[in-house]
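Here's a quick briefing to read alongside the sequence and the 3D view. Take a look at the model, then work through the notes below.

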Amino acid sequence: MKTILITGCSSGFGLETARYFLDRDWTVIATMRMPREDILPGSDRLRVLPLDVVDTDSIARAVAAAGPIDVLVNNAGVGLMNALEGVSMDTVRDVFETNTLGTIAMTRAVLPQFREQRSGVVVNVTSSVTVLPLPLLSVYTASKAAVNAFTESLALELEQFGVRVRLVIPGRAPQTAFRANSLARMGMNIPEAYGELATHIFARMQQSTEEVTQAVDVSEAVWRAATDPTCPMRLPAGADAVAWTEAAKRA
Ligand SMILES: NC(=O)c1ccc[n+]([C@@H]2O[C@H](COP(=O)([O-])OP(=O)(O)OC[C@H]3O[C@@H](n4cnc5c(N)ncnc54)[C@H](OP(=O)(O)O)[C@@H]3O)[C@@H](O)[C@H]2O)c1
């Protein structure tokens with residue numbers, strides 16, 4: 001029986017992916033900042049562990065408590081939507097701490113085990129805005145694009161040990177808590193000079209008839225990354241992410 005450890009399982013893609021792998025008979029270590037067992041179906045294959053990816057001690061405790069795993073999914077992430085001039089450097093650092101350094105720290109913590117067992121898969125969840133950029137997302141996009149670059153280099157480094165590293169690249173999923181959290185982090189403090197652009201972008205987001213990404217699209221892409229050794233490095237998740245990836249290739 002295979003074991004997967006997923007970060008950020010309290011909601012959205014992480015929660016859905018935990019359910020998806022439980023349904024397919026995997027042992028799931030669902031990690032959260034504030035552990036809650038009641039949001040997942042009861043199973044003797046489920047373990048819920050506390051984990052804050054910006055806290056080195058928390059990472060060490062969670063990885064030690066988890067024991068041997070086959071797949072790590074770096075899903076935990078925070079959004080940020082604002083013009084760069086409206087964002088403090090503390091906020092920039094916070095976003096990179098979670099999205100970029102959290103992913104790197106988690107990966108680093110499981111690598112000795114993966115290298116020694118000569119197997120293991122790391123799946124990093126980034127975003128389709130790294131493929132087709134949008135305004136007001138510069139800091140968030142940079143934090144995720146850094147993970148794309150990190151993943152693609154690391155994959156080459158770990159191939160020799162039978163360890164795979166893959167990217168899951170979701171499109172927009174307005175139904176998760178993510179957008180509300182991004183907007184809250186913005187604090188509605190868009191500098192006046194960017195007001196017109198922001199109004200235009202928000203209207204475009206509201207009116208868009210594009211298909212969006214469902215949480216299950218992300219779970220399916222993670223499943224593919226975890227189980228198919230021949231899958232490509234970049235797995236767009238969601239109809240919009242697939243369309244954006246194709247458009248970016250043509251651009
Ligand atoms: N939704 C979208 O439109 C979208 C699109 C593309 C990519 N993504 C990416 O997909 C991933 C999941 O997003 P989602 O849509 O499922 O959003 P979500 O519902 O807000 O879930 C984010 C998860 O990350 C957790 N998290 C945040 N900071 C953490 C930390 N320091 N340590 C551990 N966990 C932490 C949150 O936990 P708490 O409950 O404790 O805050 C939550 O469980 C993120 O990496 C995001 O960047 C999202």
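Predicted model: local features only at pLDDT ≥ 70, side-chain atom pairs only at ≥ 80, totals over all residues.

A salt bridge here is a side-chain nitrogen of Lys or Arg within 4 Å of a carboxyl oxygen of Asp or Glu. Residues are numbered from 1 along each chain as its sequence is written, and side-chain values use heavy atoms, with hydrogens and water left out.

**The overall picture**

- The protein has eight helices and seven strands (DSSP runs numbered from the N terminus, with helices being H or I of at least four residues and strands being E of at least two).
- Its radius of gyration is 18 Å, close to the 18 Å that the globule rule gives for 251 residues, so the protein is as compact as a globular protein of that length. That radius is taken over C-alpha atoms, and the rule is 2.2 Å times the number of residues to the power 0.38.
- If you boxed up the C-alpha atoms along the principal axes, you'd need roughly 55 × 40 × 35 Å.
- Of the 251 residues, 47% are buried (under 20% relative accessible area; exposed is over 50% and partly exposed is in between, with a 1.4 Å probe and protein chains only).
- Among contacts with a separation of 6 or more, 70% are between residues 24 or more positions apart (contact means heavy atoms within 4.5 Å).

**Charges and salt bridges**

- There are 23 positive and 27 negative side chains, and the centres of the two sets lie 3 Å apart. Lys and Arg count as positive and Asp and Glu as negative, while His and the chain ends are not counted; each charge is placed at NZ of Lys, CZ of Arg, CG of Asp or CD of Glu.
- Side chains of opposite charge can pair when their charged atoms come close.
- How many salt bridges does the count come to? The count is seven.
- Glu246 and Lys249 both sit in helix α8 (residues 239-250), three residues apart, or about one turn of the helix. Glu246 is partly exposed at 35% relative accessible area, whereas Lys249 is exposed at 61%.
- Glu16 and Arg19 form another salt bridge, at 3.4 Å from N to O. They are three residues apart in helix α1 (residues 12-23), which puts about one helical turn between them. Glu16 is partly exposed at 21%, and Arg19 is partly exposed at 30%.
- Arg234 and Glu152 also meet in a salt bridge, at 2.7 Å from N to O. Arg234 is in strand β7 (residues 234-237) and Glu152 is in helix α4 (residues 138-158), so this pair ties together parts that are 82 residues apart in sequence. Arg234 is partly exposed at 36%, and so is Glu152 at 29%.

- Gly14 lies in helix α1 and is buried, with 1% relative accessibility. Leaving aside neighbours within four places in sequence, Gly14 touches Ile6, Gly8, Cys9 and Asn75.
- The C-alpha atoms of Gly14 and Ser219 are separated by 8.2 Å, although the two are 205 residues apart along the chain.
- Thr98 belongs to helix α3 (residues 89-117) and is buried at 16% relative accessible area. Beyond its neighbours within four places, Thr98 has contacts that include Val53, Val54 and Ala76.
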